[in-house]
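Hello,

Here is the structure I promised to pass on to you. Have a look at it first, and then read my notes below.

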Protein chains: 2
Amino acid sequence: MIWRGRVFSSRPGVHPGLFAIMKTELLGTSFIGFSRGADSAARSHAVNPASGEKLDPAYAAPSADEVEQAILLAEQAFPVYSALSGRERAAFLRAIATEIEAVADDIAERGPWETGLPEARMRGETARTTGQLRMFAAMLEDGSWVDARIERAQPDRQPLPKPDLRSMLRPLGPVAVFCASNFPLAFSVAGGDTASALAAGCPVVVKAHSSHPGLAEIVGGCVIRAAISSGMPEGVFSLLYGGGRDVGMVMVKHPVIQAVGFTGSRSGGMALMEAAAARPQPIPVYAEMSSVNPVVLLPAAVDERGVQIAEGLFASLTMGAGQFCTNPGLVFLPDGHGEAFLGKLRELIETAPSAVMLNHGICQAYQEATADFAATPGVTVLAHSFTKQTEERAVPMVFTVNVRRFLEDAELHGEMFGPATLIVRGSLEEIEATLPELEGQLTATLHGTPEELAAHAGIVSALERRAGRLVFNGFPTGVEVCHAMVHGGPFPSTSDGRSTSVGTMAVHRFCRAVAWQGFPQGMLPEELRDDNPLGIRRLVDGVSTC
Amino acid sequence: MIWRGRVFSSRPGVHPGLFAIMKTELLGTSFIGFSRGADSAARSHAVNPASGEKLDPAYAAPSADEVEQAILLAEQAFPVYSALSGRERAAFLRAIATEIEAVADDIAERGPWETGLPEARMRGETARTTGQLRMFAAMLEDGSWVDARIERAQPDRQPLPKPDLRSMLRPLGPVAVFCASNFPLAFSVAGGDTASALAAGCPVVVKAHSSHPGLAEIVGGCVIRAAISSGMPEGVFSLLYGGGRDVGMVMVKHPVIQAVGFTGSRSGGMALMEAAAARPQPIPVYAEMSSVNPVVLLPAAVDERGVQIAEGLFASLTMGAGQFCTNPGLVFLPDGHGEAFLGKLRELIETAPSAVMLNHGICQAYQEATADFAATPGVTVLAHSFTKQTEERAVPMVFTVNVRRFLEDAELHGEMFGPATLIVRGSLEEIEATLPELEGQLTATLHGTPEELAAHAGIVSALERRAGRLVFNGFPTGVEVCHAMVHGGPFPSTSDGRSTSVGTMAVHRFCRAVAWQGFPQGMLPEELRDDNPLGIRRLVDGVSTC
């Protein structure tokens with residue numbers, strides 16, 4: 001069945017409060033190119049994490065044939081899609097953004113039911129998602145991102161003539177994208193991975209997250225409508241459902257797939273990395289996995305601004321029930337400092353509300369992780385929200401431990417995904433000596449006076465080796481989407497510390513440079529022609545030229 | 001023992017013809033930072049491939065402690081070396097080039113004994129090696145390569161303030177480099193991998209190739225002298241001997257090592273990839289492995305320029321005994337064309353001299369591969385050099401096969417490393433349909449008239465997907481060292497088709513972007529300060545600025 005646009009009705013009788021006002025009819029099937037997948041016996045429902053209630057419709061896992069078809073359509077689309085101009089791809093990305101805005105109310109309606117996140121977050125994340133799509137569109141329209149390089153021939157050079165040689169970035173091929181549970185829009189169906197892969201010129205096959213299939217369907221429909229209206233080839237985008245890891249593993253192992261984008265657990269990311277490395281042709285996996293995002297507090301800063309730092313840390317820690325990759329899960333506090341900081345933090349945590357988490361599994365994992373920390377010898381519960389502990393809600397917590405105990409116990413270096421943090425106390429010398437023992441991180445934060453920062457360059461350089469982004473006198477949550485963002489860090493925070501999944505540099509993950517030697521002008525990509533018809537910036541004989 | 005400069009004596013009595021005129025005394029031990037390794041019982045000699053004669057001195061494998069020490073010195077050097085300015089690193093690279101030029105005669109003297117390559121090649125490759133070092137030095141002096149990006153704060157932005165965010169490329173950490181047998185200088189001790197890693201700011205631990213340990217020692221001494229004279233920290237460079245794969249595997253598995261550069265066999269590269277992926281912290285491996293570099297001849301071109309193409313192909317095929325990664329080992333020729341081409345090629349091959357190969361193992365592998373091809377049903381020997389076949393020399397050969405047989409037999413897609421090529425014949429339609437079945441390649445070449453090129457855009461795009469560099473009406477050997485070179489291609493030609501090992505883009509292999517958020521000016525790297533003290537090109541709020 002061809003998807004021909006929005007249907008304004010909804011299934012009667014099922015969750016009328018939910019569906020009555022939605023423009024999008026939820027069918028519960030995959031998008032296989034421009035067609036919808038069949039219903040199947042293997043169906044699963046989203047679950048409202050606040051109530052445990054199943055949400056209609058049921059989502060049908062695609063058949064093996066449908067998965068194969070989606071991937072082969074992507075392969076067929078590749079030569080056509082990768083040959084489009086940047087402006088044509090930009091128009092597609094802008095059309096996706098427009099379609100998403102047209103169903104923003106549906107997203108705001110369905111999202112909280114599936115994720116436990118509030119409507120305001122849905123609207124904010126919708127804006128971030130459309131903003132990302134338009135950022136990549138603007139990058140394509142500008143055109144200079146391809147890193148065009150031209151070396152002109154020198155036929156008379158001695159001892160050997162120099163050939164005409166020109167290079168630019170070209171897309172890798174079809175890409176598999178896995179939706180994240182914690183960013184149901186900005187890191188999901190039309191999120192940063194999809195937007196950057198489509199910008200690069202790669203068709204995308206998306207695996208929906210089982211926690212928010214309805215949001216996936218709403219956004220998937222937007223991408224398909226945009227593809228049709230902007231004349232994209234069928235197969236430029238497909239969206240597959242399916243619980244468990246089976247469908248995803250088929251995607252990653254399929255010879256057509258040339259790269260993988262993933263945001264999720266360390267075990268999930270590692271499984272994809274292993275599968276990709278074991279292929280006859282290994283492919284890159286860009287997995288964002290886990291990070292505790294250390295925060296180092298220097299003495300004068302914590303003396304001067306202890307209360308303010310506690311307030312900022314508390315907000316960063318509990319935002320979105322602590323379900324951010326950049327959540328500050330580890331704080332280093334020098335001995336003899338921070339009385340006001342700790343007092344304020346305790347007060348804030350104790351009066352903090354508990355929070356619904358994204359799904360039952362995440363909530364359970366959080367409760368187990370915090371129970372493990374609480375039961376670890378040497379670890380003290382500094383503060384615990386006084387709200388009632390329930391199976392369905394996360395209770396904000398703060399632990400403390402001595403730096404020497406921390407060093408001894410690798411378990412304490414791990415992530416509690418949720419609104420909890422571990423404060424490690426010791427002398428400044430001990431803290432500095434501990435930093436090289438940390439695993440790779442997405443971010444590392446330092447609070448200090450400017451004088452302290454200058455006096456502790458060793459701490460800064462130790463943190464630089466372990467993180468993708470260094471934050472001074474701020475907090476790591478709130479990942480600005482821009483040209484200079486690095487949202488990626490040394491393993492295991494990501495599978496590939498050379499990459500970022502946020503910002504325009506994310507497009508580089510899905511490209512490789514190709515060189516043309518001795519080609520006639522007319523057969524070169526426009527980006528590489530002498531007359532520079534696109535007016536892009538290029539490196540011509542080593543000189544940046546526009 | 002500290003290396004204190006050149007020793008003008010030589011060991012008396014040993015190969016007097018070889019050593020009498022050499023400035024460099026060959027000691028036969030590793031360079032462990034600024035010290036020399038101890039002699040050991042595990043020693044091996046280079047062998048003159050022309051005569052089978054062992055060459056003095058014996059080269060001692062380092063002890064496990066020495067390997068560990070070299071790697072730990074690299075780790076200790078990293079914070080110091082990576083903090084140096086681009087100009088300081090550039091001075092080091094220029095000093096290496098100067099030191100190498102000072103021993104060019106030693107290289108020209110020792111090289112042919114170890115490699116079977118002529119003196120002229122040694123001198124040419126020496127110039128390429130020093131040229132590469134100076135190219136990276138110039139890149140560092142220019143400074144813009146770091147891709148500096150600045151997004152200025154917007155504290156009043158709604159709904160959220162924008163933080164000050166700045167990013168640039170930073171080095172990964174200590175790098176392991178493996179010398180290549182076929183480029184004893186340009187892809188060895190101070191070759192492209194080492195030069196690009198040092199340029200990036202990464203200390204390098206080099207594993208010498210057992211075929212040319214004397215060249216390695218001569219050049220290793222140059223790097224050490226340059227490091228000392230330009231004030232680099234000890235550990236910025238070490239050079240380890242050792243036969244077999246033991247020492248190399250220790251390097252790749254060592255937690256300090258953060259990336260690997262390798263040029264060699266597919267089995268060797270695959271072993272490194274597997275070891276790197278299986279580490280607790282996986283690291284990138286840049287392995288250049290194997291490529292048959294397909295050449296497609298279009299009808300009008302081969303009708304018009306058959307003899308000329310045969311001459312060019314012959315020269316490309318037999319240069320350096322065919323021991324180039326970019327050797328054209330596969331030629332597609334349309335049925336009903338190419339009589340003059342084939343006649344000329346046969347004539348040239350039949351009168352071509354046989355050639356000494358780099359070592360006995362390579363020569364043996366070549367003879368086995370050509371014997372296998374000759375014995376493959378459907379494969380015909382088109383031409384065979386009339387020079388005497390000996391165990392020590394490679395005889396140029398050309399085979400032909402029908403395109404349908406070629407498609408059936410994956411063995412025929414493999415590399416014969418040496419002066420042999422396989423001509424695949426079929427209709428142009430069959431040839432075009434075959435191209436997507438090829439493995440990833442470093443290069444792909446097309447000969448055609450401009451009209452043919454325009455008429456066969458499908459062939460160009462099929463080749464683009466499978467190669468890093470596309471050559472029109474030329475030949476793939478001769479890899480220009482410049483900004484636009486891509487010497488890397490889809491797997492299995494390289495382990496990572498997103499990378500190049502030649503040209504300035506090679507530096508990106510050893511870097512990752514790091515972002516600084518909210519840092520005071522004085523604590524930012526110079527490249528990211530508002531006043532742009534280095535005068536480099538930067539992307540400021542999305543606009544390229546100088």
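Leaving aside its neighbours within four places in sequence, A:Leu93 is in contact with A:Leu133, A:Phe136, A:Ala137, A:Ala195, A:Leu198 and A:Ala199. Please keep in mind that this is a predicted model.

As a general background point, nonpolar side chains in soluble globular proteins tend to be buried together.

Next, the two chains. How many residues of chain B are in contact with chain A? There are 57, and they meet 57 residues of chain A. Among the elements of chain B that give two or more residues to this side are α2 (64-83), α9 (266-278) and α16 (457-466). The largest share, 6 residues, comes from β21(B). Sorted by class, the side of chain B that touches chain A has 30 nonpolar, 16 polar and 11 charged residues.

How are the two copies related? Chain B can be laid on chain A by a turn of 180 degrees and a shift of 0.0 Å along the axis, with an RMSD of 0.0 Å. The copies are therefore related as by a two-fold rotation axis. In chain B, the C-alpha nearest that axis belongs to B:Ala277, at 3.5 Å from it. Both copies use the same surface: 100% of the contact residues of chain B recur in chain A.

Now find β21(B) again, this time as part of a sheet. Strand β20 of chain A (residues 467-472) runs parallel to β21(B), and 3 bridges join them. One pair to look for is A:Leu470, whose bridge partner in β21(B) is B:Trp516.

These two strands sit in an open sheet of 12 strands with mixed pairing, in the order β15(A)-β17(A)-β18(A)-β13(A)-β12(A)-β19(A)-β20(A)-β21(B)-β6(B)-β5(B)-β22(B)-β23(B). At its edges are β15 (380-384) of chain A and β23 (543-545) of chain B, each pairing on one side only. On average, neighbouring strands of this sheet are turned by 25 degrees against each other, direction ignored.

For an antiparallel example, go to chain B, where 3 bridges join β5 (residues 149-151) to β6 (residues 165-171). There, B:Ile150 has B:Arg166 in β6(B) as its bridge partner.

Enjoy exploring!

Best wishes

Conventions: Residues are numbered from 1 along each chain as its sequence is written. Chains are lettered from A and ligands numbered from 1 in the order in which they are written. This is a predicted model: local features need pLDDT of at least 70, side-chain atom pairs count only at pLDDT 80 or more; totals for chains, interfaces and linings use all residues. Two residues are in contact if their C-beta atoms, placed from the backbone, lie within 7 Å. Two strands pair if DSSP finds at least two bridges between them. Helices (H or I, at least four residues) and strands (E, at least two) are DSSP runs, numbered from the N terminus. Axes are lines fitted to C-alpha atoms, for helices over the stretch in contact, and angles run from 0 to 180 degrees between N-to-C directions. Ala, Val, Leu, Ile, Met, Phe, Trp, Tyr, Cys and Pro count as nonpolar, Asp, Glu, Lys and Arg as charged, and the others, Gly among them, as polar. Copies are superposed by least squares on the C-alpha atoms of residues with pLDDT of at least 70 in both.
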